[in-house]
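Work through these exercises with the sequence and the 3D view side by side. Try each task before you read its solution.

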Amino acid sequence: MFVAASLECLPDQSFEEALELLNDLEFTAVEIDLHSDGHIDPAALLVAPEETVHRVRHSHRMDISGYSVDLEATGADFYKLFDEICKFAKATRVVTLTVRSAELGTPFNEEVEHLQKLVDLAETQGARVAVKSELGRLSEDPDTLMVLCDNVHGLGVTIDPSVFICGPAKNKSYDRILKYVYNIHLRDSLPDKFHVSVGQGEVDYGKWINQLEREKYDRALTVHLPPLEGLDHRVELRKLRRLLESSL
């Protein structure tokens, strides 16, 4: 296992500025957000793919642990753009693509079909898809995540422990989905606050690392904490990096 940081931690900085800051904080790996309103606009892959590949591969010294994908496109346009993202992942030697699940209320069979299409597109380029556990979406419940992974061949999970502290599934066991974990997003949380200062919440980082080790997980522990009013964000990022590295 190794420690990475998500660029989603730095929403108000440019791609280059965010990478420079993470370098200064001694991170060695980064998860890049391919969001329509993020640091790299995935739509650029349709008009200037080589330029985007060059920008991502040659603008920093860190390893890329994965891509977080969130697209505004729908229907056939969505799958066309996702296919370009899979080619982009191959060109930049990235394997893990984190996607969002559908909102609560979406028919389960419809979501299974959608995620299977994404997995199939990714596999043709040597990538793999992980659906992120997220409040307000089908993936907020570990039992639903388990059924999704059982029904979508090749699907994995980007697990977010905060969801199981703050959400309606806080008393449910998540042990059965650990074998499907491809990525993990970490911050600190309380039952009534999704994000608190590192060390003030209930996330047991050592326990999560031990559980993942038992499943032979050997990928990123991704710091995923946006700025919190009243706290020095650089201090919080450095604190969590050091805490995770000391636990490995």
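Predicted model: local features only at pLDDT ≥ 70, side-chain atom pairs only at ≥ 80, totals over all residues.

**Exercise 1. The barrel**

Task: Find out how many strands make the closed barrel, and in which order they run.

Solution: 
- Step 1. The closed barrel has eight strands, in the order 1-2-3-4-5-6-7-8, and their pairing is parallel.
- Step 2. Check single pairs. Strand 1 (residues 2–6) is joined to strand 2 by two bridges. Seven bridges link strand 2 to strand 3. Strand 5 and strand 6 pair over three bridges.
- Step 3. Recall how such pairs are held. Strands of a sheet pair through backbone hydrogen bonds.

**Exercise 2. Strand 2**

Task: Decide whether strand 2 is enclosed or open, and say which way its side chains point.

Solution: 
- Step 1. Use the cut-off: buried means under 20% relative accessible area.
- Step 2. Apply it to strand 2. Seven of its seven residues are buried, so strand 2 is largely enclosed by the rest of the structure.
- Step 3. Sort the directions. A29, E31, D33 and H35 point one way, while V30, I32 and L34 point the other way. Both sets are buried.
- Step 4. Compare with the general rule. In a regular strand the side chains alternate between the two faces of the sheet.
- Step 5. Find the partners. V30 in strand 2 is the bridge partner of A5. E31 stands opposite G66 in strand 3.
- Step 6. Follow the chain into strand 2. Strand 1, helix 1 and strand 2 form a right-handed β-α-β unit.

**Exercise 3. Strand 7 and its neighbours**

Task: Which strands pair with strand 7, and over how many bridges?

Solution: 
- Step 1. Start on one side. Strand 6 (residues 156–159) runs parallel to strand 7, and three bridges join them. Here I159 stands opposite I184.
- Step 2. Go to the other side. Strand 8 (residues 220–223) also runs parallel to strand 7, again with three bridges. H185 has T222 of strand 8 as its bridge partner.
- Step 3. Six of the six residues of strand 7 (residues 181–186) are buried, so the strand is largely enclosed by the rest of the structure.
- Step 4. Strand 7, helix 8 (residues 205–214) and strand 8 make a right-handed β-α-β unit. Helix 8 lies across strand 6, strand 7 and strand 8, at about 175 degrees to strand 7.

**Exercise 4. The nonpolar core**

Task: Which members of the largest nonpolar core touch the most other members?

Solution: 
- Step 1. The core has 74 residues, and I32, Y67, F82 and V223 touch the most other members.
- Step 2. Ask which helix gives the most. Helix 4 (residues 75–91) does, with seven residues.
- Step 3. Zoom in on V223. Beyond four places in sequence, its contacts include V3, F27, L186 and L244.

**Exercise 5. Loop residues**

Solution: 
- Step 1. Take Q125, in the loop between helix 5 (108–123) and strand 5 (128–132). Leaving aside neighbours within four places in sequence, Q125 contacts C86, K87 and K90.
- Step 2. Take E26, in the loop between helix 1 and strand 2.
- Step 3. Take R93, in the loop between helix 4 and strand 4 (96–100). Phi of R93 is near 60 degrees, a positive value in a residue other than glycine.

Note on methods
Residues numbered from 1 in each chain as written. Heavy atoms only, no water. Core = buried A, V, L, I, M, F, W, Y, C linked by side-chain atoms within 4.5 Å. Buried < 20%, exposed > 50% of the residue type's maximum accessible area, 1.4 Å probe, protein only. Helix = DSSP H or I, 4+ residues; strand = E, 2+ residues; numbered from the N terminus. Contact = heavy atoms within 4.5 Å. Pairing = 2+ DSSP bridges. Right-handed = clockwise from strand over helix to strand, strands pointing away. Axes fitted to C-alpha atoms, helices over the stretch in contact; angles between N-to-C directions.
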